[in-house]
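Hi,

Here is the structure I said I would pass on to you. Have a look around first, then read on for what turned up in it.

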Amino acid sequence: MHKCGGDRTRALRLYAWDSEVARALQSPLRDLEVSLRNRLHRQLVGRHGRQAWWDVPKARPNYKGQDMLDQARETLENRRPYRPFGPCDIVAQLSFGFWVSLLGSGGGDNYEMKYWNSSLRHVFKEHRGGRAALYRQFQFMLTLRNRIAHHECIFQRHLEGDLETALRLMRHVSPEMADRHEKYGQVPQVLARRRAVLAGTEPVRL
């Protein structure tokens with residue numbers, strides 16, 4: 001409430017608007033995550049010649065990546081103990097963080113050589129600025145996605161810039177999906193409502 005000068009009514013309106021914009025942003029963030037996952041997986045399958053590319057010795061991720069793979073397998077085993085699962089099931093179970101991490105440095109595992117130079121840079125042919133800059137942008141999106149998932153307020157972020165980043169990154173991995181969001185996305189309308197909602201001239205949407 002201190003963000004609204006002690007005005008409880010205005011604070012409640014801000015809280016409602018924050019929830020509204022978070023719901024709207026879930027759509028492009030979801031499609032960015034799925035598009036990145038599908039595009040990177042397809043690229044790595046093509047590079048290493050098998051669906052479970054992470055089992056190819058020279059393509060194995062670092063210990064953090066291995067932990068995430070183990071967690072995905074464990075989740076699938078617990079969910080369907082009497083049914084076999086394959087690489088496509090593991091891919092669907094892996095988190096946004098796993099796929100973003102493949103664009104990172106990999107710590108001592110040198111992802112620059114293992115993934116970026118050998119394969120993933122070809123996904124981002126239109127990107128200018130190098131792997132590290134691209135990774136930072138995806139990290140910003142991962143942080144935003146996690147804040148929304150954990151019901152944290154996001155109104156203090158530069159949300160217009162966040163939307164621009166999400167669509168720019170989406171255009172690398174799925175131009176068609178980026179076009180759909182630019183044409184049909186609801187985020188700009190919600191962002192434009194903020195002042196009016198806080199002033200009480202437009203209703204809150206729960």
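**What turned up**

Among contacts in the protein between residues at least 6 apart in sequence, 66% join residues at least 24 apart. Keep in mind that this is a predicted model.

Let's start with the overall picture. The protein has nine helices and zero strands, so if you read along the sequence you get the pattern α-α-α-α-α-α-α-α-α. The C-alpha trace spans about 60 × 45 × 30 Å along its principal axes. There are 206 residues in the protein, and 45% of them count as buried.

**The core**

Now for the inside. The largest nonpolar core has 56 residues. Which residues have the most contacts inside this core? They are Leu36, Trp53, Phe124 and Phe138. Several helices give two or more residues to the core, among them H2 (63–79), H6 (130–149) and H9 (187–199). Helix H1 gives the most, with 12 residues.

If you leave aside its neighbours within four places in sequence, Phe124 is in contact with Leu36, Leu40, Leu103, Trp116, Leu134, Phe138, His172 and Val173. Two of those partners, Leu36 and Phe138, are also on the list of residues with the most contacts in the core.

**Two helices side by side**

Next, take a look at H7 (residues 159–173) and H8 (residues 175–184). These helices pack at an angle of about 145°, and their axes are 6 Å apart. On the H7 side you'll find Leu167, Met170, Arg171 and Val173, and they meet Pro175, Met177, Ala178, Asp179, His181 and Glu182 in H8. Sorted by type, the residues of this contact are six nonpolar, one polar and three charged. Val173 turns up here as well as among the contacts of Phe124.

**Salt bridges**

Side chains of opposite charge can pair when their charged atoms come close. A search of the whole structure finds 13 salt bridges, and here are a few to look up.

One is between Arg205 and Glu20, where the closest N and O atoms are 3.5 Å apart. This pair links distant parts of the chain: Arg205 sits in the segment after H9 and Glu20 in helix H1, 185 residues apart. Are the two residues buried or exposed, or something in between? Arg205 is partly exposed, with a relative accessible area of 45%, whereas Glu20 counts as buried because its relative accessibility is 6% and the cut-off for buried is under 20%. There is also a network of salt bridges here, linking Glu20, Arg193, Glu202 and Arg205.

Another salt bridge joins Glu112 and Arg131, with 2.7 Å between the closest N and O atoms. Glu112 belongs to helix H5 and Arg131 to helix H6, and the two are 19 residues apart. With a relative accessible area of 28%, Glu112 is partly exposed, while Arg131 counts as buried at 11%.

Finally, have a look at Asp162 and Arg157, whose side chains meet in a salt bridge of 2.8 Å, N to O. Asp162 is buried, with a relative accessible area of 9%, and Arg157 counts as partly exposed at 23%.

Cheers

Definitions and conventions:
Residues numbered from 1 in each chain as written. Predicted model: local features only at pLDDT ≥ 70, side-chain atom pairs only at ≥ 80, totals over all residues. Heavy atoms only, no water. Axes fitted to C-alpha atoms, helices over the stretch in contact; angles between N-to-C directions. Helix = DSSP H or I, 4+ residues; strand = E, 2+ residues; numbered from the N terminus. Contact = heavy atoms within 4.5 Å. Nonpolar A, V, L, I, M, F, W, Y, C, P; charged D, E, K, R; others polar. Core = buried A, V, L, I, M, F, W, Y, C linked by side-chain atoms within 4.5 Å. Buried < 20%, exposed > 50% of the residue type's maximum accessible area, 1.4 Å probe, protein only. Salt bridge = Lys/Arg side-chain N within 4 Å of Asp/Glu carboxyl O.
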